[in-house]
Amino acid sequence: MSKIEIDAIAAEFFGAFDNRGGKAADVARIRRLFIPGGVIVLTGPNYTVYTVDEFIEPRERLLADGRLVDFSEWETSARTEIAGDIASRFGEYRKAGVLDGEPFEGGGTKTIQFVRTPEGWRIAAFSWYDQL
């Protein structure tokens, strides 16, 4: 059951950025996927550490202001290891959209650390590396 729950949380995380077909992205839902104090890290090429709110705000704006449209990202592979109340997911992802009128595609590697809380599985930390 834990793997199914973790898969669902990962899918919901990736789906939060989807604004294809003119629908509004729901980046704010990421807040409920994380534990309080969760951390998000971009490793390269511009190393940055974010709180959940620091991560959400600019992405919410970018996905809503018309600069980034028809955007989505999705896992292409993932492996998850679960040990009691902790889990680690490591995988590859792809993304595509239209930024400032120019189509683009990309991808990279993401890792997500999960913990089981009284409310169920939540993300404690998320890190990614974009391959340009």
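Arginine 32 and glutamate 12 form a salt bridge, with their closest N and O atoms 2.3 Å apart; the term covers a side-chain nitrogen of Lys or Arg within 4 Å of a carboxyl oxygen of Asp or Glu. Arginine 32 sits in helix α2 (residues 30-33) and glutamate 12 in helix α1 (residues 2-15), so this pair ties together parts that are 20 residues apart in sequence. Keep in mind that this is a predicted model, where local features need pLDDT of at least 70 and side-chain atom pairs count only at pLDDT 80 or more, while totals for chains, interfaces and linings use all residues. Residues are numbered from 1 along each chain as its sequence is written, and side-chain values use heavy atoms, leaving out hydrogens and water.

**Strands and turns**

- Helices (H or I, at least four residues) and strands (E, at least two) are DSSP runs numbered from the N terminus, and two strands pair if DSSP finds at least two bridges between them.
- Strand β3 (residues 68-83) runs antiparallel to strand β4 (residues 86-99), with 13 bridges between them; leucine 68 has leucine 99 in β4 as its bridge partner.
- Two residues separate β3 and β4 in their hairpin, and glycine 84 takes a positive phi near 65° there.

**Salt bridges around the hairpins**

- Aspartate 100 turns up again in a salt bridge with arginine 67, at 2.8 Å from N to O.
- Arginine 67 is in the loop between α3 (52-64) and β3, and aspartate 100 is in the loop between β4 and β5, so the contact ties together parts that are 33 residues apart in sequence.
- Arginine 67 is partly exposed at 38% relative accessible area, and so is aspartate 100 at 48%; buried means under 20%, exposed over 50%, and partly exposed in between (1.4 Å probe, protein chains only).
- Arginine 116 and aspartate 85 make another salt bridge, their closest N and O atoms being 2.7 Å apart.
- Since arginine 116 belongs to strand β5 and aspartate 85 to the loop between β3 and β4, the pair ties together parts that are 31 residues apart in sequence.
- Both ends are partly exposed: arginine 116 at 36% relative accessibility and aspartate 85 at 44%.

**The wider tally**

- The salt-bridge count comes to 13.
- Lys3, Asp7, Glu75 and Arg89 are linked in a salt-bridge network.
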